[in-house]
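Open the model in your viewer and keep the selection panel at hand. The stops below say what to select next and what is there.

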Amino acid sequence: MQIPMVDLKRQYLELKAEIDEAVLKALEAAQFILGPNVQKFEEEAAQYLGVKHAVALANGTEALHLAILACGIGPGDEVITTPFTFIATAEAISYVGAKPVFVDIHPDTFNIDASKIEEYLATHDASKVKAIIPVHLYGQAADMDPIMAIAKKYNLKVIEDCAQSFGGDYKGKMTGGFGEFGCFSFFPSKNLGCYGDGGMVTTNDSELAEKVKMLRNHGSKVRYYHSVIGYNSRLDEIQAAILRVKLKRMDSFNALRNKNAHLYSKSFEGTDVIAPYEDGNSMHVYHQYTIKVRNRERIIEALTKEGIASAIYYPVPLHKQEVYKNDYQGLVLQNTETVSEQVMSLPIFPELTEEEIDRVVSVVKGAI
Ligand SMILES: Cc1ncc(COP(=O)(O)O)c(C=O)c1O
């Protein structure tokens, strides 16, 4: 039996009756753009996350893009972020003509190292820097206390990349409510995923929420009246209907991911596999279960032979990517570079069974 990284079909079959009904109702209501499901989903998501506003968008990349635009960031500005993330985090900075500034990560949590942010600001022209984008990588919150303190000291905006952390918290407060914006992705494999593309920003600032609402809808508040150049970046009604069904299960989905991760970690005790490090600040919602190993290729080969999926998030740090490397020649971010050669992620999803976890573990153990 194959074990995929995430089994979307298994989850759909469990929720089929409810999802089918929600989708059919949305079809029958025929209000496909910015309809009642989008509005209700925004209210329900904001309530779940403990924020004032949620604005549903076409995808997570657009969430970052529109958040950056709404913060007034543009050409000549700098935005500090992590080089160990999906390309979208940096792309969104580049879209507006600003420059991503990559600082190194903590080698255990894989998240941006706040002391490196401070170091950059203390040794460069800090007036160019307008924002920090921490990413809550793999579902564990970045260290938000020092990040917020630095942002306050240097008067910087904070835009959280929550694409992998829906429902995860930092010291009891959910991710997405710390800075000016939280940016979420509902890509199908995410902790909260729809059946296509989807995204959302959260904010506690009503003016910023209004700005993003305009930006997602051609710069328009009133139909056919346009005050700024905007975009077509709306979540569609059918995806919103699906997300409303899944949102009700978020606590249980995340608890099951966490439980499965702990089963893995317990089984790897006493081996050469370095299990994910939990910093104790948050409920890790394990969007990914990512281990550090020395002989990655051999383990991947053994898993593949047994029909077990695995993945490397991310094999190439952003400052080494083809698209950026000329701009960052000579930049050495040692922790990121080392970690990107050691990490690999194993299948993790709420419906993964103990037997499947045992199988994955025994193949990994056999190959280390
Ligand atoms: C950390 C991170 N940021 C941003 C994104 C972009 O989200 P989307 O694929 O919905 O555009 C993703 C996921 O794909 C992600 O993992």
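**Stop 1**

Select K171, which is exposed because 11 other C-beta atoms lie within 10 Å. The model is predicted, so local features need pLDDT of at least 70 and side-chain atom pairs count only at pLDDT 80 or more, while totals for chains, interfaces and linings use all residues.

K171 sits in the loop between β6 and β7 (173–174). Helices (H or I, at least four residues) and strands (E, at least two) are DSSP runs, numbered from the N terminus. K171 is not a glycine, yet its phi is positive, about 50°.

Next select Y286, in the loop between α9 (250–268) and β12 (289–292). Its phi is also positive, near 40°, in a residue other than glycine. Is Y286 buried or exposed? Y286 counts as buried because it has 29 C-beta neighbours inside 10 Å.

**Stop 2: a cis peptide**

Select Y313 and Y314, which are joined by a cis peptide bond with omega of about 10°. Y314 belongs to the loop between α10 (296–305) and α11 (334–342).

**Stop 3**

From β2 the chain passes through helix α4 (residues 88–95) to β3, a right-handed β-α-β crossover. Right-handed means that, with the strands pointing away from the viewer, the path from the first strand over the helix to the second runs clockwise.

I133 is buried because 27 C-beta neighbours lie inside 10 Å. Apart from neighbours within four places in sequence, I133 is in contact with V79, T81, T89, I159 and D161. Contact here means C-beta atoms, placed from the backbone, within 7 Å.

**Stop 4**

Colour domain 1 (8–104 + 112–247) and domain 2 (250–367) separately. These bounds come from an automatic or database domain assignment. Taken over C-alpha atoms, the domain centres are separated by 24 Å. Each side of the contact is listed: 28 residues from domain 1 and 28 residues from domain 2. On the side of domain 1 that touches domain 2, the elements giving two or more residues are α1 (8–29) and β6 (169–170).

**Stop 5: the core**

Which residues have the most contacts inside the largest nonpolar core? They are A67, I159, C183 and V201, in a core of 107 residues. A nonpolar core is a set of buried Ala, Val, Leu, Ile, Met, Phe, Trp, Tyr and Cys residues joined through C-beta atoms within 7 Å. Helix α3 (residues 60–70) gives the largest share, seven residues. The core lies between domain 1 and domain 2 because both give residues to it.

Finish on V201, which touches residues including V55, L57, A63 and V212, not counting those up to four places away in sequence.

Notes:
Residues are numbered from 1 along each chain as its sequence is written. A residue is buried if 20 or more other C-beta atoms lie within 10 Å of its own, exposed if 12 or fewer, and partly exposed in between; C-beta atoms are placed from the backbone. Two residues are in contact if their C-beta atoms, placed from the backbone, lie within 7 Å.
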